[in-house]
Amino acid sequence: MLKRTKNNHFIIYFLLSFLALGFVFILSISLGQVKINFTDVISLISNKIFNSNFSISNMANEDMYKSIIFDIRIKRALLSILVGMGLSLCGVIMQATLKNPLADPYILGISSGASLGATFAIMISSITVITVNSLGISFFAFAGAFIAGYLVLLMASHKGKLSTVKLILAGTIINSIATSLSNLLIYISGNSEKIKDITFWTMGSLAKANKENLILISVLLFFAAIFFITQHRNLNAMLMDEEVTQTLGVNINVYRKVYIFICILLIGVIVSSSGIIGFVGLTVPHIVRALVGSDHKKLVPLSMLFGGIFLSLSDILSRILINNTELPIGIITALIGGPVFIYILLKRGNRFGG
């Protein structure tokens with residue numbers, strides 16, 4: 001009876017979250033410096049997809065609304081959902097894999113590696129005659145994230161099996177080195193305009209949403225989500241003592257490497273498109289865990305939905321809080337996620353697995 005009740009709760013949370021995600025998606029398209037009526041957004045999207053003929057409240061601005069929605073906002077709204085889902089998914093996996101409630105997608109120095117790659121690409125333009133466009137910067141950011149993650153795995157696997165302590169220590173080392181090299185490049189450059197561009201990577205932004213990064217993230221996220229949902233038994237086992245997992249026949253060392261490698265790929269692609277956005281992968285899994293428990297069969301899909309909602313709402317706030325100014329989304333996620341995480345920490349204490 002208790003198990004059936006928990007399953008019913010999960011279904012209710014899942015359906016409500018799915019509906020909320022759809023509502024926030026339309027709201028994100030509706031709000032901004034130019035406000036578009038909520039029903040008009042639905043009508044214009046329906047006309048585009050289903051070739052219907054719904055009228056809008058302000059026909060004089062129809063062409064302008066279409067341009068704003070389909071050229072700018074719908075891409076940004078989709079990117080916010082995908083990035084939020086990806087960061088939350090990686091947060092769940094990292095917390096289980098490292099068996100650390102404070103683990104987040106950037107704990108292994110991946111964000112610092114991405115920042116170093118982006119900083120290097122941006123600074124090339126000021127130090128040399130070579131010009132690197134936004135696609136090139138994204139490539140360097142992904143390369144930096146991937147190399148940082150690979151080095152962490154290599155260091156943590158050296159002379160012995162992979163362990164959570166080794167991973168965290170290796171991540172701390174790579175993070176420090178990458179951050180120092182980024183600061184060195186900035187200091188050598190002395191270019192104030194280029195330094196402003198680096199703010200995109202250090203504080204996060206969804207302004208560079210485009211068809212290419214949407215397709216790349218959505219494809220990778222789809223396969224990663226399907227894979228991790230099927231791995232819920234192994235993820236649950238990882239929360240237990242290693243002696244117990246051995247009796248269950250789970251090779252933690254192999255699975256840990258595979259899971260972390262997939263997370264590195266996904267985080268690298270996300271950071272290359274949106275910069276560094278903190279607290280999503282750290283806070284959201286704890287909120288969902290408080291609602292449905294630590295069974296990853298429920299935790300993984302629900303965390304992804306909550307992550308999409310959380311980042312979409314944060315993106316809306318970043319665009320409407322100050323007129324004619326867009327705040328870096330990383331500031332918003334920190335301002336919201338920080339107090340929420342403190343509350344969860346005080347409320348739940350040391351409980352993590354349970």
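Modeller: Contact means that heavy atoms lie within 4.5 Å. By that rule, Asp 315 touches Ser 28, Arg 76, Ser 80, Leu 206 and Ile 329, not counting residues up to four places away in sequence.

Colleague: What kind of model is this, and how are its residues numbered?

Modeller: This is a predicted model, in which local features need pLDDT of at least 70 and side-chain atom pairs count only at pLDDT 80 or more, while totals for chains, interfaces and linings use all residues. Residues are numbered from 1 along each chain as its sequence is written, and side-chain values use heavy atoms, with hydrogens and water left out.

Colleague: Why is Asp 315 called buried?

Modeller: A residue is buried under 20% relative accessible area, exposed over 50% and partly exposed in between, with a 1.4 Å probe and protein chains only. Asp 315 has a relative accessible area of 0%, and therefore counts as buried. This residue is found in helix α13.

Colleague: What makes His 296 buried?

Modeller: Its relative accessible area is 1%, so His 296 is buried. His 296 belongs to helix α13, which covers residues 296-320. Not counting residues up to four places away in sequence, His 296 touches Val 92, Ala 96, His 232, Leu 235, Asn 236, Leu 239 and Pro 301.

Colleague: How do you know that Glu 62 and Phe 25 count as buried?

Modeller: Glu 62 has 18% relative accessibility and therefore counts as buried. Phe 25, at 16%, counts as buried too. Glu 62 is found in helix α3 and touches Leu 44 and Ile 56, leaving aside residues up to four places away in sequence. Phe 25 lies in helix α1, residues 2-30. With the same exclusion of residues up to four places away, Phe 25 touches Ile 74, Ala 77, Leu 78 and Ile 81.

Colleague: How many helices and strands does the protein chain have?

Modeller: The chain has 14 helices and zero strands. Helices (H or I, at least four residues) and strands (E, at least two) are DSSP runs, numbered from the N terminus. Of the 354 residues in the chain, 48% are buried.

Colleague: Why is α3 described as roughly antiparallel to α11?

Modeller: The axes of α3 (residues 62-97) and α11 (residues 252-274) come within 10 Å and cross at roughly 150°. Angles over 145 degrees count as roughly antiparallel, under 35 as roughly parallel, 65 to 115 as roughly perpendicular and the rest as oblique. The crossing angle therefore makes α3 roughly antiparallel to α11.

Colleague: Which residues make the contact between α3 and α11, and what are their classes?

Modeller: Among those of α3 are Leu 79, Val 83, Gly 86 and Cys 90, and α11 supplies residues including Arg 256, Tyr 259, Ile 260 and Cys 263. By class, the contact has 13 nonpolar, four polar and one charged residues. Ala, Val, Leu, Ile, Met, Phe, Trp, Tyr, Cys and Pro count as nonpolar, Asp, Glu, Lys and Arg as charged, and the others, Gly among them, as polar.

Note on methods:
Axes are lines fitted to C-alpha atoms, for helices over the stretch in contact, and angles run from 0 to 180 degrees between N-to-C directions.
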